[in-house]
Amino acid sequence: MELGYLRSYESMGKAVVSCEGGCKCMPWTLDGHHDQRNSQTFLHGWRVSQAEDCIIVVKVLEVGG
């Protein structure tokens, strides 16, 4: 599976991405911040098991999380 998200140099944070509802995957932390003075869409690919139902959960972390 691939997830597209925005990365930028200011006002961006982190989120934990995980799977629920039948499918399985290794959770990972999405980091929306980078030091380049631009904003770009990034794609992150990771393995998700096949399942009839699959819910991808994106939980925004608090600052410092």
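The legends below describe views of one predicted protein model. Residues are numbered from 1 along each chain as its sequence is written, and side-chain values use heavy atoms, with hydrogens and water left out. Because this is a predicted model, local features need pLDDT of at least 70 and side-chain atom pairs count only at pLDDT 80 or more, while totals for chains, interfaces and linings use all residues.

View 1. From the N terminus on, the order of elements is β-β-β-β-β. Helices (H or I, at least four residues) and strands (E, at least two) are DSSP runs, numbered from the N terminus. Along the principal axes, the C-alpha atoms fill a box of roughly 40 × 20 × 15 Å. Among contacts (heavy atoms within 4.5 Å) between residues at least 6 apart in sequence, 70% join residues at least 24 apart.

**View 2. The surface of the chain exposes about 5000 Å².** Carbon and sulfur atoms supply 49% of this area, which is computed by the Shrake-Rupley method with a 1.4 Å probe; for residues, only the protein chains shown count as cover. Of the 65 residues, 22% count as buried. Buried means under 20% relative accessible area, exposed over 50%, and partly exposed in between (1.4 Å probe, protein chains only).

**View 3. Cys19 and Cys25 are joined by a disulfide.** A disulfide is a covalent bond between the sulfur atoms of two cysteines; here it is assigned to a pair of cysteine sulfur atoms within 2.5 Å. The S to S distance for Cys19 and Cys25 is 2.1 Å. The link of Cys19 and Cys25 is right-handed, with 110° about the S-S bond. Both Cys19 and Cys25 are buried.

**View 4. A disulfide links Cys23 and Cys54.** The sulfur atoms of Cys23 and Cys54 are 2.0 Å apart. The torsion about their S-S bond is about 70°, so this disulfide is right-handed. Cys23 lies in the loop between strand S2 (14–20) and strand S3 (28–31), and Cys54 in the loop between strand S4 (40–45) and strand S5 (55–60), so the pair ties together parts that are 31 residues apart in sequence. Cys23 counts as buried because its relative accessibility is 6%, whereas Cys54 is partly exposed, with a relative accessible area of 34%.

**View 5. Two disulfides are found in the whole structure.** With the bonded cysteines of the chain numbered in sequence order, the pairing is 1-3, 2-4. One of the links is that of Cys19 to Cys25.
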